[in-house]
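Hello,

Here is the structure I promised to pass on to you. Have a look at it first, and then read my notes below.

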Amino acid sequence: MSTLEKERDEEKDVKPLSTVDEDGEAKPAEAEEDEAHDDEEEEEAAPKANQRSASLHADAPSAVAAEGPGLSIVKNTLTIARRETRAYFDSLIAYVVIGGSTLALGIYFFLIQQGGFWQVDRASMTRMFEFLPWMLAALVIPLVTMRSIADEKRSGTLELLITLPVRDSEVILGKYFAAFFMCAVLLLATLIYPIAMFVWPWRLGVLDWGPVWTGYLGLLLFSGAGVAVGMLFSSLTESQIIAFFLSAFTLLLLLIIGMLVETLPGALGDAIAFISFQTRFTPFSRGLIDTRAIIYFVSIGVICLLAAFRSLESRKWS
């Protein structure tokens with residue numbers, strides 16, 4: 001073999017150090033090989049990603065079908081309720097409401113009105129059930145419900161919450177149960193007064209516990225209806241302050257008109273007695289369970305929650 005033929009064979013065996021791309025720029029040969037390898041991997045990965053996405057979408061309906069629609073609604077509602085309850089206790093609202101309300105009840109119970117409980121001279125918790133409905137209407141319920149939906153709308157997190165796989169009704173119910181739970185915790189905290197005075201550590205007399213338990217039942221029904229009213233106003237505005245005052249004004253009005261029943265006999269007095277929270281609650285504070293009052297409070301709660309649901313749903317129409 002001649003010298004020229006050997007040189008041509010050696011040039012064929014040597015790989016080029018660089019190549020020229022479409023734009024006329026030189027690129028290292030190894031980089032071009034890497035790009036070609038990456039393109040092959042992307043082509044192989046694309047069908048796999050599509051398969052995973054299709055699998056996820058296919059699993060969601062099957063999961064709901066496995067749990068059932070009823071169980072799914074309960075699960076989502078409880079999840080939202082736990083989230084809201086945790087938010088209450090992560091802020092100062094829960095501690096201010098519970099601590100401040102318990103302190104205010106103690107001041108009224110023992111000190112206000114010429115010596116308070118000590119002047120009554122008998123084992124009775126009537127004064128507590130005179131005070132708690134007013135405190136719930138003027139302070140507790142408006143404070144607990146004012147931020148439930150209004151703050152979500154103002155901060156823009158409501159849309160984020162709605163984009164999650166939950167129904168509007170589950171959002172309303174979850175927030176309602178969280179606010180109602182806060183009121184129930186407050187009422188539970190006020191039990192410290194009859195227990196401390198008549199069970200332990202003091203025994204100031206023999207207390208008739210029947211009116212106490214019926215009074216608490218009435219307060220729970222009162223709170224359930226009041227929280228629904230507060231939820232309705234919170235769903236109508238983006239301002240927590242406006243929601244607070246609208247809720248407080250409405251609940252106080254429903255209490256105050258009950259004081260006019262005795263001065264307005266006839267059909268007008270009966271009509272006011274029918275819608276007054278004060279008139280409906282009074283039998284419970286005296287040890288009676290009025291089924292008409294139970295139906296009334298439950299009806300107010302259902303109607304207000306339906307209105308709040310429609311208000312939340314109205315964003316889809318705008």
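How many helices and strands make up the secondary structure of the protein? There are 15 helices and 2 strands. Please keep in mind that this is a predicted model.

Some overall figures to start with. The protein has 318 residues, and 39% of them are buried. Its accessible surface is about 18800 Å², with 64% of that belonging to carbon and sulfur atoms. Among contacts with a separation of 6 or more, 70% are between residues 24 or more positions apart.

Helix 6 (residues 126-145) and helix 9 (residues 168-190) have axes that come within 11 Å and cross at roughly 145 degrees. The crossing is right-handed. On the helix 6 side, the residues involved include Met128, Leu132, Met135 and Val144, while helix 9 brings Ala179, Met182, Cys183, Leu186, Leu187 and Thr190. By type, the residues of this contact come to 12 nonpolar, 2 polar and no charged.

Then there is the core. The largest nonpolar core holds 67 residues, and Met125 and Phe277 are the ones that touch the most other members. Helix 11 (residues 209-236) supplies the largest share of this core, with 12 residues. If you centre the view on Phe277 and leave aside its neighbours within four places in sequence, you will find it in contact with Phe222, Ala225, Gly226, Leu251, Leu254, Leu255, Tyr296, Phe297 and Ile300.

Happy browsing, and best wishes

Definitions and conventions
Residues are numbered from 1 along each chain as its sequence is written. This is a predicted model: local features need pLDDT of at least 70, side-chain atom pairs count only at pLDDT 80 or more; totals for chains, interfaces and linings use all residues. Side-chain values use heavy atoms; hydrogens and water are left out. Helices (H or I, at least four residues) and strands (E, at least two) are DSSP runs, numbered from the N terminus. Buried means under 20% relative accessible area, exposed over 50%, partly exposed in between (1.4 Å probe, protein chains only). Contact means heavy atoms within 4.5 Å. Accessible areas come from the Shrake-Rupley method with a 1.4 Å probe; for residues, only the protein chains shown count as cover. Axes are lines fitted to C-alpha atoms, for helices over the stretch in contact, and angles run from 0 to 180 degrees between N-to-C directions. A crossing is left-handed if the near helix is turned anticlockwise from the far one by less than a right angle, and right-handed if clockwise. Ala, Val, Leu, Ile, Met, Phe, Trp, Tyr, Cys and Pro count as nonpolar, Asp, Glu, Lys and Arg as charged, and the others, Gly among them, as polar. A nonpolar core is a set of buried Ala, Val, Leu, Ile, Met, Phe, Trp, Tyr and Cys residues joined through side-chain atoms within 4.5 Å.
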